[in-house]
Amino acid sequence: MLRRDMKQSTRCAFFVFFTIGALAFLLPPPVVAQPKGEPIKIGWIAELSGTWSFFGATGLTAAQIAEEEINAKGGVLGRPLQVVPMDNRTDPAQAASAARMLDTQHKVLTFSGPTSSDTALAVYGYAEQNQVPFVVPVAAFPRLTRPGTQWTFRVEPDAVGWGYAIVKFVEKMKPGASIALIYSDFALQRAIVAGIKYQAERSGIKIATDIIFPQNATDATVQAAQVKSKNPDFVFVSGGGAFDITLTNQIMDLGIKPEQIIHPFGAVKMILGWGPRSVGSYYGTFFDHSLGGLNDYGKGLITKFTKRAGYIPAYIENFCYATVYLIKEAVEKAGTVDRAKFRDAMRNINTKEVTTGIPMVFDKNGARKEYMYFLQMKEVGKDTYQSKEAFYIEWDPEVIPVYQLAP
Amino acid sequence: MAYRRAAVVGLVLLALALPFLFSVNRFYAFILGVTYLYILWSSGMNLLSGFTGLMPLMYAGLAGLGAYTTVNLVMKFGLSFWLAMPVGALAAAVVGVVLGLPSLRLRGFYFTLSGLVIQTALTMLFVYIPQFTGGDTGISQIPPPMIPLPGDKSFPLAGVWFEEALAIAALLTVYVVHRVTRSTWGRYLVAIREDDLLTEALGIGVTRYRVLAFFISSLFAGVGGAFYAHYMGFVSPRSFDVLTSMNIWLIVGFGGQGTILGPIVGTIILAPIPYIMQELYLYKDIVYGSLIVFTTIFLPRGVYGSVLFHRRARAAAHSAAQGKSEAARS
Amino acid sequence: MTLESILLNGLAVITTGLIVGAIFSLVAAGVTIMYGTIWFPNAANGQFFMLAALLMWSLVVNWGLSPFLGAVVVLTGSIPFSLVLEKFLVRPFYNVPNRNIVYFIMTLGLAQIFAGAFTGTYGRWSDQYSLPAAWPGAIMLGPFPFPRTRQNREAAILRGVDVRRIYRFSFVLAMLVITMGGVLFAMAYGFDLTMAWTMAIIGFAIMIVGGPGSVLGSVVIGMIFGFTQAVVSLFASPTLAAFSYLIVMLIILLVKPSGLFAR
């Protein structure tokens, strides 16, 4: 193939190709497991590249910590537990094909992993169609457990319920208050707002204004001025990605006080991003290192994770960690490695989240009995922060018609 | 000449046989299916970019239109895929021409940039009309196409048969592009690409032929989109954004635009990489990008394009040498 | 509306328009200089923008430099970086016909490399980055010191000027301008990795409308786009505002495709 009369550059190119091609093809292809103390596999489909890659990667780290701990203590049913990661590139179509690969190639017991609702929905479609159990650790879209769901379970409370919880919180702080809504146009935010609006009517909370930003917005000064001019008691702030920081800062630039701001969720980087300026603001969460009453597993997770990743874990990491333990429990309850038996065990399980002791029970559609904390920021440093619990609420997944509000 | 024909027949048979050879391993079979799909797409784009000299960045958006139209017709109206797909492709082609028409009279790179704008608008459209597209969260559980059988039964096009169907579709596309470029009309396209002012001066309607090329190219975009949707079982706006257009165009440019085999070579090299490297997710972008950069530096005509170029240069040098020695002898 | 809210809204529009417009102008100016002079359409310009912003973050937040000092470091650092790029990736193609297509493909590849590198490094550390609030006044000064006109290669050859030197200078200058855009963005707003591609498209869009090669066009149109978003969002939803600039672009393309300020 390489001939003397070919130009130097062409020869060079062939070498380059050969090397790159060889590199790509010498990688071990996905292998069907050899029977021999065969591991029990969880197909962990996560956003490891693309826009959501930070969350997918951090969740995977937490899941891997759980995997190591479980295997160090003898595994599950005497066999090793294996979290098999697969990148979905934050693209739903890729997530579907990752699901296909894990199902047909690796023959996993169950899927898990997505931290983003759209990729989760893609896996959901495959799972329901092909009867593969799917335990969603972090993805809040109600559609994941819509009536008729047979194989999917959602660990994180749903987004519309979040909106419900926010209104209940506002109601407790100041009955009859007004709240301004300002947020980015993503499915998650829309679902939360749908919940807010529904419950606000029933709780006597007024919506002062409702401002939506397109997904790639950079600046919110004008809209912040509009919010200020309505003089709301509270402001619900939720920007997409880094825009959240910009949005929060600009709202405060225009005179809204931190104590008036409610963020629907606070992951660690977001809280650090809001910074000392946001001390006094509230955020919703499901797990936070500031919470009192964490048990040994919870404290252990915080220590191990901080050591491994360099930053403190929050609710995303917690759900991924707790989901792996949940799966372990369900396999042990089923007594065997069988998809249908596993699914049935999950349906009937009545246990607690391993880190916090909060109950884990699923309804007939796979939705979990839900809960939320609201914390108030007290101190923010460069790498750490302290918050204080302000409110806690539990509710049934269908306390409000979530499936109609976010179809 | 005969040996060339045999080679073509051999390749066609190989293409048809591969799905069966790969069918034991669903993972590799899937990669094969995706490769066929991209061969279809890149050949369609090659018609426009390679032969007409235009770089259509809205290609993915048109594919999306074909996909969403087909999916809606099948899932909401119960139409058979085989009826819905042509409708979807036609919709893509018509919209493509309507949107592209004003920019077709733009030269070279302006056309490209306007394609970029139109693509961005189309992606936004897909996100903001959820009744048609399911918005951000997309449409899932798309059923495989059904093949009607005698006796009122039908059987789903799944597994190895879907890959086979994709192989056939890809082969047909390549064939059509080949016929178009060999035709008189195809030569006009090349003339337009080389020097559109001169061609215009010679009385050949430049815009008219560009529109025609655009129409056919968009048809293929739509066809590919429809197949993609049903093969993946899931579509979302992100499947059809600028980066997708650029990836397809990259494959064409990398393989060698303006040649028939170029897109095929490009697809075979580039399309499997993201899947094969799925476990090395941190490096795949870097590998992919490096491959492209190296190719542009060392093989600016694309992989296959460079091979062709060298072959012709050698043939020309050879006949020139022959001519000299003949002249010397006489 | 009360006088107070009119003033408040008006001021908000002006500051937003100026800052956003300035950043847009810079990115577009960089893109247009490269394309107009060297015929180098840079699909990776968003990644360079991102690199500048991320480096600012590292210097200011991680290493504790002041934003001003950080800006100086990043800007001066961009010069040797651009020179290296120019030598290995740009110069080999000066005499290639259709080099704009070659450059475009190559920069697409480059963009992939950067995107992958960012995801594996910064992307593992956080999903969002921001600098402590910088001084808004400094931002406004950004785009104005660069009025230039398009280089004409043939005329330059006739005048015996070394064209390659002009190309090199243009490339480095364009990169400097894009870097400044990134630096300013980091100082003014929070950012994440998706910004790269968004800015790239905006840069190209402004270049189309203003006319490739015309820096004046880029600045004017950049400012107009910055203000358009701000003004339209006063009266309509921000979504409409975002669509509005796309519509403006399409209209320009159809009516005057060579751009508003082309020669």
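User: What should I know about numbering and confidence?
Analyst: Residues are numbered from 1 along each chain as its sequence is written, and chains are lettered from A, ligands from 1, in the order written. In this predicted model, local features need pLDDT of at least 70 and side-chain atom pairs pLDDT 80 or more, while totals for chains, interfaces and linings use all residues.

User: How many helices and strands does chain B have?
Analyst: Both are DSSP runs numbered from the N terminus, helices being H or I of at least four residues and strands E of at least two. Chain B has 15 helices and two strands. Its radius of gyration (over C-alpha atoms) is 21 Å, close to the 20 Å from the globule rule (2.2 Å times the number of residues to the power 0.38) for 330 residues, so chain B is as compact as a globular protein of that length.

User: How many residues of chains C and B make up their contact?
Analyst: Residues are in contact if their C-beta atoms, placed from the backbone, lie within 7 Å. Here 28 residues come from chain C and 26 residues from chain B. On the chain C side, H4(C) gives the most, with 14 residues.

User: What is the make-up of that chain C side?
Analyst: Ala, Val, Leu, Ile, Met, Phe, Trp, Tyr, Cys and Pro count as nonpolar, Asp, Glu, Lys and Arg as charged, and the others, Gly among them, as polar. The chain C side has 23 nonpolar, five polar and no charged residues.

User: And chain A?
Analyst: There, 35 residues of chain A contact 30 residues of chain B. The chain A side has 22 nonpolar, nine polar and four charged residues.

Terms used
Contact = placed C-beta atoms within 7 Å.
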